Amino acid sequence: MVAESPAPSSSTTPGSASRTAKAAKDAKGTQDSRMKGPAKKGRQFSRGVRRAVNSGHVVASVGLVGVEIVMIMLGVIAKNTGDATLQHATYQLMRMLAYAAGIPLAVLAMVSGVVLALRTPWGLWKHQWIKVKFVLLIVVIAIGAGLVSQWVRDLADKTEVGADQAGLAAVQWYQLAGAGVQLTALVVATFLSVYKPSGSGRVAKSRGSGRGSASVG
Ligand code: HEM
């Protein structure tokens with residue numbers, strides 16, 4: 001019995017020490033297999049790099065939420081003002097905001113998200129919440145690049161002095177609806193990131209500790 005006890009102490013019996021050591025070994029084994037995950041061990045980020053990339057990812061993706069909120073606010077102001085100069089200036093500002101902040105932040109959120117997924121045990125196509133976020137961000141980028149940027153350019157052109165304003169009201173509504181869909185998708189993605197639903201056991205376990213990604217961080 002004593003030979004089975006790796007480190008007997010004054011406060012533990014040999015039997016309990018053996019059980020404790022076994023439990024610790026089991027826990028380590030489980031943690032090791034969790035840490036390995038589906039990705040190759042050599043391709044994983046170190047803890048410091050992972051935190052830095054994760055911080056950049058949160059700044060970019062949540063910053064994009066802020067950009068969409070401002071786009072809606074400016075769209076409402078421009079739609080309702082009776083001041084033609086303010087209206088045109090607001091659409092010019094929205095155009096600049098879309099190109100100078102919206103596009104760079106969307107690209108950064110996409111690149112950092114994909115890199116994080118591939119260089120951590122999460123994987124890109126293993127968890128529902130990551131797959132859905134990926135699709136949502138593609139939808140946001142497609143709406144932004146394919147539709148909203150055109151509409152904002154149209155709005156800036158139509159509100160220039162002397163320009164033909166035919167169809168202005170319709171495009172104003174399209175812009176607000178498009179930005180509304182983008183904002184909704186990004187808010188859903190933010191909730192998915194924090195709750196991480198339909199995850200594996202490790203997620204459920206780490207939820208109990210109050211840290212969504214504690215077991216893989
Ligand atoms: C291509 C799309 C995306 C992919 C592949 C992706 C992937 C990931 C991964 C793997 C993590 C976990 C990082 C870690 O534990 O080290 C993460 C965290 C996070 N993501 Fe994304 N993401 C994407 C888009 C988004 C979007 C659109 C948003 C929100 C607008 C977002 C918000 C967040 C937040 C807030 C976290 C931090 C969660 C936490 O630490 O508990 N992500 N993302």
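## Burial and overall fold

Of the 217 residues in the chain, 22% are buried; a residue is called buried if 20 or more other C-beta atoms lie within 10 Å of its own, exposed if 12 or fewer, and partly exposed in between, with C-beta atoms placed from the backbone. The structure is a predicted model, in which local features need pLDDT of at least 70 and side-chain atom pairs count only at pLDDT 80 or more, while totals for chains, interfaces and linings use all residues. Residues are numbered from 1 along each chain as its sequence is written.

The chain contains six helices and zero strands, and its pattern along the sequence is α-α-α-α-α-α. Helices (H or I, at least four residues) and strands (E, at least two) are DSSP runs, numbered from the N terminus. Among contacts with a separation of 6 or more, 70% join residues 24 or more positions apart; two residues are in contact if their C-beta atoms, placed from the backbone, lie within 7 Å.

## Confidence of the model

The predictor's confidence in each residue is given as pLDDT, from 0 to 100. Its mean over the chain is 82, and 72% of the residues reach 70 or more.

Two segments have pLDDT under 50. One is residues 1–39, for which the model has 33 contacts beyond four places in sequence. The other is residues 203–217, with 20 such contacts.

## The nonpolar core

A nonpolar core is a set of buried Ala, Val, Leu, Ile, Met, Phe, Trp, Tyr and Cys residues joined through C-beta atoms within 7 Å. The largest one here has 21 residues, and those with the most contacts inside it are Tyr 91, Val 152 and Leu 155. At least two residues of this core come from each of helix H2 (47–80), helix H3 (84–118), helix H4 (128–158) and helix H5 (168–195). H4 gives the most, with seven residues.

Which residues does Tyr 91 touch, not counting those up to four places away in sequence? They are Ala 78, Val 152, Leu 155, Ala 156 and Thr 159. Val 152 lies in helix H4 and counts as buried because 29 other C-beta atoms lie within 10 Å. Leaving aside neighbours within four places in sequence, Val 152 is in contact with Tyr 91, Met 94, Arg 95, Ala 98 and Gln 175. Val 152 and Met 94 are 58 residues apart in sequence, yet their C-alpha atoms are 7.0 Å apart in space.

## Helix H2

Helix H2 has 34 residues and reaches 50 Å from its first C-alpha to its last, close to the 50 Å expected at 1.5 Å a residue; the expected span is 1.5 Å times one less than the number of residues. Its buried residues are His 57, Ser 61, Leu 64, Val 67, Glu 68, Met 71, Gly 75 and Ala 78. H3 and H5 are included in what covers them. An α-helix has 3.6 residues a turn, so residues three or four places apart point the same way.

Val 53 also has its place in helix H2. With 18 other C-beta atoms within 10 Å, Val 53 is partly exposed. Apart from residues up to four places away in sequence, Val 53 touches Phe 45, Ser 112, Val 115 and Leu 116. The C-alpha atoms of Val 53 and Val 115 are separated by 8.5 Å, although these residues are 62 residues apart along the chain.

## Helix H4 and its kink

Helix H4 has 31 residues and reaches 43 Å between its first and last C-alpha, close to the 45 Å expected at 1.5 Å a residue. Where is the kink in H4 centred? It is centred on Gly 144 and amounts to about 40 degrees; the bend at a residue is the angle between axes fitted to the seven residues ending there and the seven starting there.

The buried residues of H4 include Trp 129, Leu 137, Gly 144, Trp 151 and Val 152. The buried residues of H4 pack against H3 and H5.

## Annotated transmembrane regions

An unreviewed UniProt entry carries the annotation "transmembrane region" for residues 57–77, 97–118, 130–152 and 172–195. UniProt positions are given in the numbering used here, feature names are shortened, and annotations may be inferred rather than shown by experiment. In the model, residues 130–152 are 100% helix and 0% strand, with end C-alpha atoms 31 Å apart. Residues 172–195 are likewise 100% helix and 0% strand, and their end C-alpha atoms lie 35 Å apart.

## Lys 196

Lys 196 lies in the loop between H5 and helix H6 (201–208). Lys 196 counts as buried because it has 21 C-beta neighbours inside 10 Å. Its phi is near 45 degrees, a positive value in a residue other than glycine. Most residues other than glycine have a negative phi.
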